Amino acid sequence: MSEEILNQMKTKMDKTIDALKKDFVQIRSGKANPAMIEDIKAEYYGAPTPLTQLGNITTPEPRMIVFTPYDKSAFKEVERAILSSGLGLTPSNDGVVIRIILPELTGDRRKELAKIVKTKSEEKKVAIRNIRRDSNDDLKKEDGISQDEMKVLQDKVQKTTDSYIAKIDELAKEKEKEILTV
């Protein structure tokens with residue numbers, strides 16, 4: 001049973017790392033990336049629908065994202081969704097495609113984005129620590145575990161936690177480097 005608790009803990013921690021990677025993709029660096037807008041939802045026949053289901057997203061140039069809708073009637077809603085996404089992107093519609101040109105990042109904007117990276121990574125570290133706490137609590141509720149076994153299991157939990165915190169630090173360092181290098 002204790003192995004099951006450890007496996008559940010690792011699964012939750014993996015999901016936390018995946019969520020952080022997804023957060024980082026949405027934080028702009030110097031290059032356009034389709035993932036920056038693919039999770040944006042636009043109203044389509046009364047239902048919020050991800051852009052990936054409404055059309056193709058491509059990056060023909062390093063600072064441009066192009067959205068080609070399957071249905072031309074979705075243009076206005078897609079534009080509205082991109083504008084209200086909070087990503088600071090301005091779409092332009094030529095009747096065939098929606099182009100999003102990413103402006104050059106200023107030094108101040110790069111520093112702001114680096115702070116956002118630190119904030120997001122701290123949030124995920126807190127989540128990892130909460131998972132550790134929950135796992136330790138679950139282990140304490142287990143019947144038939146001696147104090148020595150409990151110590152070994154708690155050490156495993158701590159080592160796993162430390163490795164995931166290190167992964168978060170590594171991912172944050174890479175993203176900061178990507179943002180701050182001109």
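Which residues of H4 are buried? The tour begins with that helix and then moves to its partners.

This is a predicted model, in which local features need pLDDT of at least 70, side-chain atom pairs count only at pLDDT 80 or more, and totals for chains, interfaces and linings use all residues. Residues are numbered from 1 along each chain as its sequence is written, and side-chain values use heavy atoms, with hydrogens and water left out.

**Stop 1: helix H4**

Select residues 107-141, which form helix H4; helices (H or I, at least four residues) and strands (E, at least two) are DSSP runs, numbered from the N terminus. The buried residues of H4 are Arg 110, Leu 113, Ala 114, Val 117, Ser 121, Lys 124, Lys 125, Ile 128, Ile 131, Ser 135, Asn 136 and Leu 139. Here buried means under 20% relative accessible area, exposed over 50%, and partly exposed in between (1.4 Å probe, protein chains only). The cover over these residues includes H1 and H5.

The end C-alpha atoms of H4 are 52 Å apart, which agrees with the 51 Å that its 35 residues should span at 1.5 Å a residue. The expected span of a helix is 1.5 Å times one less than its number of residues.

Next, select Lys 125 in H4. Lys 125 is buried, with a relative accessible area of 11%. Apart from neighbours within four places in sequence, Lys 125 is in contact with Ile 165, Ile 168 and Asp 169, contact meaning heavy atoms within 4.5 Å.

**Stop 2: H4 against H5**

The axes of H4 and H5 lie 10 Å apart, and the two helices pack at an angle of about 170 degrees. H4 is therefore roughly antiparallel to H5. Axes are lines fitted to C-alpha atoms, for helices over the stretch in contact, and angles run from 0 to 180 degrees between N-to-C directions. Angles under 35 degrees count as roughly parallel, over 145 as roughly antiparallel, 65 to 115 as roughly perpendicular and the rest as oblique.

The residues of the contact of H4 with H5 comprise 14 nonpolar, five polar and eleven charged. In this division, Ala, Val, Leu, Ile, Met, Phe, Trp, Tyr, Cys and Pro count as nonpolar, Asp, Glu, Lys and Arg as charged, and the others, Gly among them, as polar.

**Stop 3: helix H1**

Select residues 2-26 for H1, whose end C-alpha atoms are 37 Å apart, in agreement with the 36 Å that its 25 residues should span. Its buried residues include Ile 5, Leu 6, Met 9 and Phe 24.

How do H1 and H5 run relative to each other, roughly parallel or roughly antiparallel? Their axes cross at roughly 10 degrees and come within 11 Å, and the two helices are therefore roughly parallel. Among the residues that make the contact are Met 13 and Ile 17 of H1 and Tyr 164 and Leu 171 of H5.

**Stop 4**

Select residues 75-83, helix H3, where Phe 75, Val 78, Glu 79, Ala 81 and Ile 82 are buried. These residues lie on the same side of H3, because they cover an arc of only 165 degrees around the axis; the arc is that of the directions from the helix axis to the C-beta atoms. On the other side of H3, Lys 76 and Leu 83 are exposed.

Finally, select Pro 69 in strand S4 (residues 64-69). Pro 69 is buried, with a relative accessible area of 6%. Beyond neighbours within four places in sequence, Pro 69 is in contact with Leu 54, Gly 55, Phe 75 and Val 96.
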